[in-house]
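Subject: Model for you to look at

Hello,

Here is the structure I promised. My notes follow below it.

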Amino acid sequence: MACFRSAKHPFRIFFYNRLIAATNSKNGYSTCASKGTPVYQARQIKDLFSFKYLNPKSSFALISRNFSDQAPAATEQVNLIKQLREQTSAPMKDVKLALVDCDWDIEAALKELRKRGKVLASKKSSRTATEGLLALAQNESKAAVIELNCETDFVSRNEIFQYLALALAKQALVAENVSQPVSGLFPVGPEYLEGLKLNLDHPKIGGETTVQNAITEVAAIMGENVKLRRGFLLSASSPGVVSTYLHTSPQSGLGRIAGLLSLEVEDGSSSFDPLKRVGSELAMHIVAQKPLFLTKELVSADALENEREILKSQAESTGKSPMAIEKMVEGRLRKYYEEVVLMEQKFVMNDTLNIKTILDNLSKEVGSPVKIGSFFRMEVGEGIRR
């Protein structure tokens with residue numbers, strides 16, 4: 001009777017037959033039970049298909065209750081994985097493995113992830129890192145710029161990487177106990193910065209640590225080699241201003257190319273607003289035109305001799321007389337100066353004027369002689385063999 005009535009429900013007949021085989025087997029397990037379902041559970045489900053539980057709604061309700069007993073534990077595990085991933089930004093696979101190894105203790109798993117990350121970061125430290133960002137910090141009298149490298153531009157767009165780069169620039173700006181001139185450009189590199197204390201206020205890399213440990217921790221999070229390559233500090237004499245420009249800037253204080261210069265004025269009572277305006281334009285010019293020297297007198301003898309040899313070789317190929325060749329070389333050297341000497345370059349915003357003329361006009365505007373104290377151009381990855 002019961003079997004006949006159950007024939008209307010093929011799904012129930014299938015399970016009923018399987019469960020009959022399970023309860024009658026010698027070892028007490030069916031093919032399903034052999035994967036870990038004990039006999040008493042199989043018999044419970046079998047009872048669902050007896051005359052007592054022939055109501056489909058009743059059967060489904062009881063099955064649902066039986067299979068939902070472990071749901072809260074699974075939900076808790078998912079929440080722990082989500083929390084730890086938000087705290088560390090580590091890959092999902094690593095997060096889950098750490099939690100399993102630590103019996104789902106999130107604090108212990110966090111420590112374990114950091115240990116594993118530092119080991120992996122040290123292994124990746126020999127890999128070439130040519131991408132990254134320049135970070136800039138400045139005040140009225142000085143500016144600091146650092147280069148933080150990584151392996152891919154994907155990591156350079158990560159907000160944790162960008163936060164660290166800005167923190168390092170701010171640390172370089174307030175660098176103390178460094179032998180430095182009153183004004184000018186000098187290095188503040190990793191050999192000085194890496195041992196300094198750093199206070200970080202970020203959800204994933206917060207707290208007090210050293211510069212080197214912060215870099216290692218970010219490398220562990222990113223899964224790439226992260227390296228502080230170099231840093232520089234530019235100071236202006238008093239009275240004077242420091243002007244900066246960042247190109248390809250994802251946010252304030254970050255970019256891929258930086259131009260910095262200091263402008264010095266003789267009369268300290270002069271207005272600084274024109275200095276700041278022209279200084280910003282000149283910093284942009286430095287990024288665009290890539291000057292190598294401030295004046296012709298500062299062009300190194302080696303650079304000048306090399307250029308002269310190249311120009312002479314080119315002129316000799318024309319077959320002209322030695323006197324004509326000499327005139328050609330001198331004419332082309334003037335062109336060379338216009339390319340590499342800042343004071344001789346055509347102003348990028350008005351090519352009818354050169355930088356020397358721009359400074360003369362600025363001096364007239366403020367009523368006191370103005371000169372460029374120092375300048376510097378820096379680009380991510382320049383000089384690194386790829």
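**Overall picture**

Among contacts in the protein with a separation of 6 or more, 63% join residues 24 or more positions apart. Contact here means heavy atoms within 4.5 Å. This is a predicted model: local features need pLDDT of at least 70, side-chain atom pairs count only at pLDDT 80 or more, and totals for chains, interfaces and linings use all residues. Residues are numbered from 1 along each chain as its sequence is written, and side-chain values use heavy atoms, with hydrogens and water left out.

The protein has 15 helices and 12 strands. These are DSSP runs, numbered from the N terminus: helices are H or I with at least four residues, strands are E with at least two. Of the 386 residues, 42% count as buried. Buried means under 20% relative accessible area, exposed means over 50%, and partly exposed lies in between (1.4 Å probe, protein chains only). The accessible surface comes to about 21900 Å² (Shrake-Rupley method, 1.4 Å probe). Carbon and sulfur atoms hold 53% of that surface.

**A helix pair**

Helix α9 (residues 159–173) packs with helix α11 (residues 211–222) at an angle of about 165°. Their axes are 10 Å apart. Axes are lines fitted to C-alpha atoms over the stretch in contact, and angles run from 0 to 180 degrees between N-to-C directions. The two helices are therefore roughly antiparallel (angles over 145 degrees count as such). Which residues of α9 and α11 meet? From α9 come I160, F161, L164 and L168; from α11 come V211, A214, I215, V218, I221 and M222. By class, this contact has 10 nonpolar, no polar and no charged residues. Nonpolar covers Ala, Val, Leu, Ile, Met, Phe, Trp, Tyr, Cys and Pro; charged covers Asp, Glu, Lys and Arg; the others, Gly among them, are polar.

**Two positive phi angles**

Most residues other than glycine have a negative phi. T248 is not a glycine, yet its phi is positive, about 55°. T248 sits in the loop between β7 (240–247) and β8 (254–255). At 47% relative accessibility, T248 is partly exposed. K290, also not a glycine, has a positive phi of about 55°. Its loop runs between α12 (273–289) and α13 (301–316). K290 is partly exposed, at 48%.

**V366**

V366 belongs to helix α15 (residues 355–366). Is V366 buried or exposed? V366 is buried, with a relative accessible area of 13%. Leaving aside neighbours within four places in sequence, V366 contacts V265, S270, S271 and P274. V366 and S270 are 96 residues apart in sequence, but 5.8 Å apart in space, C-alpha to C-alpha.

Best wishes

How values were computed: Parallel < 35°, antiparallel > 145°, perpendicular 65-115°, else oblique.
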